[in-house]
Amino acid sequence: MELVWNTSLQKCSKGSNPFHSSFQIDVIGKDILHAVSLLKKGELVAIPTKTVYGLAANVWNKKAVENIFTIKNRPHDNPLIVHVGSISQLLSLVTSFPPIAQRLAEKFWPGALTLILPSKKGISPLITAGQSTIAIRIPDHAMTMELLQKLSCPLAAPSANIFGNISPTTAFHVDAQLGERLPYILDGGACCLGLESTIVSCISGKPVLNRLGAITEEVLEKVVGKLSYVSSLKTAGKVGRHYSPRTVFLIKSMEEIRYIPNDKKVGLLVFSKPILPITSSRQRVLSLQGSLEEAGRKLFSAMHYLDQQNLDEIWTHFFPNKGLGNTINERLIRASQD
Ligand code: TXA
Ligand code: MG
């Protein structure tokens, strides 16, 4: 078998791939036209956003959308977010765009906000999980925006990880989980927010927060007033364990963290203060400055790192319960579930 040197990762990729037929060139790259051509042919491409990397398919190509579920091993009752390049593209997907949703879009798009809106008929039930609503956002990454402008279709894209695993915030993370199954990963660098978009439902008169995310509740409330929070198991990805490393992942008190047993290889994920004498190779401190934004940006990357260190357990603790700390804590709880 012919091998192709992948320069960006210094590794060889094999040409055979059960999920696509064409011969594999470099799996990771910055070639937007190549990504356009693959997506037009009905292939999947991993795309960068400022939140996390997405696994994208043309929304109008049923087979491609079905392939997202196959490749991610994702259950069909978990609907997808659709990424659009403009409001006119959004209007082709929804039956209405309520004033409250318009206000949120004006303020936060392009950006890390997903809106749940009433869906038009004709959209694949794979995307909506058969509901009458659709999740939509305009992402704010220059490469993905250029990709959307060059394509004439919106892109359905969940996070580009195997279902339940840690979300990817670099092209390398995508490659580690899905590289063997994908023809191309569009490399837009490390995601500068590092946490998924916040999801707000605009179906009833009052907006409802469905998923905590990279835009905090406080920031949203300055625009639309008090929000209620309803995270349903199915619609907001609340299906038990999620965002999880393979290594046992435990939330401990600060007291427990200071007394790590000697008979276990324990890795630590901490907010701002290193715990001695745990070596730096087994410990990730997310922000020495105590910034929750920096911690959010580094969270998944640190989890990926620790997961590769052959540890018996990874221990973490609750972060401050304010701002992005709430989103981080929600991800930690999900990651630590059985
Ligand atoms: O930042 C993000 O949101 C990333 C990037 C790639 O855009 N995407 C992402 O997708 O996190 P995913 O599939 O990992 O999470 C999407 C969430 C799921 O929990 C799903 O249940 C929810 O969006 N969702 C999708 N359609 C919905 C709908 N019609 N009503 C309510 N929730 C919906
Ligand atoms: Mg996800």
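**Aromatic pairs and their surroundings**

Modeller: Gladly! Tyr243 is buried, and so is Phe300, where buried means under 20% relative accessible area, exposed over 50% and partly exposed in between (1.4 Å probe, protein chains only). This is a predicted model, so local features need pLDDT of at least 70 and side-chain atom pairs count only at pLDDT 80 or more, while totals for chains, interfaces and linings use all residues. Residues are numbered from 1 along each chain as its sequence is written, chains are lettered from A and ligands numbered from 1 in written order, and side-chain values use heavy atoms, without hydrogens and water.

Searching the whole structure gives 2 aromatic pairs; rings of Phe, Tyr and Trp (its six-membered ring) pair if their centres lie within 6.5 Å, with planes under 30 degrees apart called stacked, over 60 edge-to-face and the rest tilted. Tyr243 and Phe300 are stacked, because their ring centres are 5.9 Å apart and their planes meet at 20°. Tyr243 belongs to the loop between strands S13 (228-229) and S14 (248-251) and Phe300 to helix H10 (residues 292-307), so the pair ties together parts 57 residues apart in sequence. Helices (H or I, at least four residues) and strands (E, at least two) are DSSP runs, numbered from the N terminus.

The pair formed by Phe271 and Phe319 is tilted, at 5.2 Å centre to centre with 45° between the planes. Phe271 lies in the loop between strands S15 (266-270) and S16 (283-285), and Phe319 in the loop between strand S17 (313-316) and helix H11 (324-336), so this pair ties together parts 48 residues apart in sequence. Both Phe271 and Phe319 are buried.

Charges meet rings here too. Lys252 has its charged end over the ring of Trp315, 4.5 Å from the centre, and Arg284 places its own over the ring of Tyr305, 3.8 Å from the centre. A charge sits over a ring if NZ of Lys or CZ of Arg is within 6 Å of the ring centre and within 35 degrees of the ring normal.
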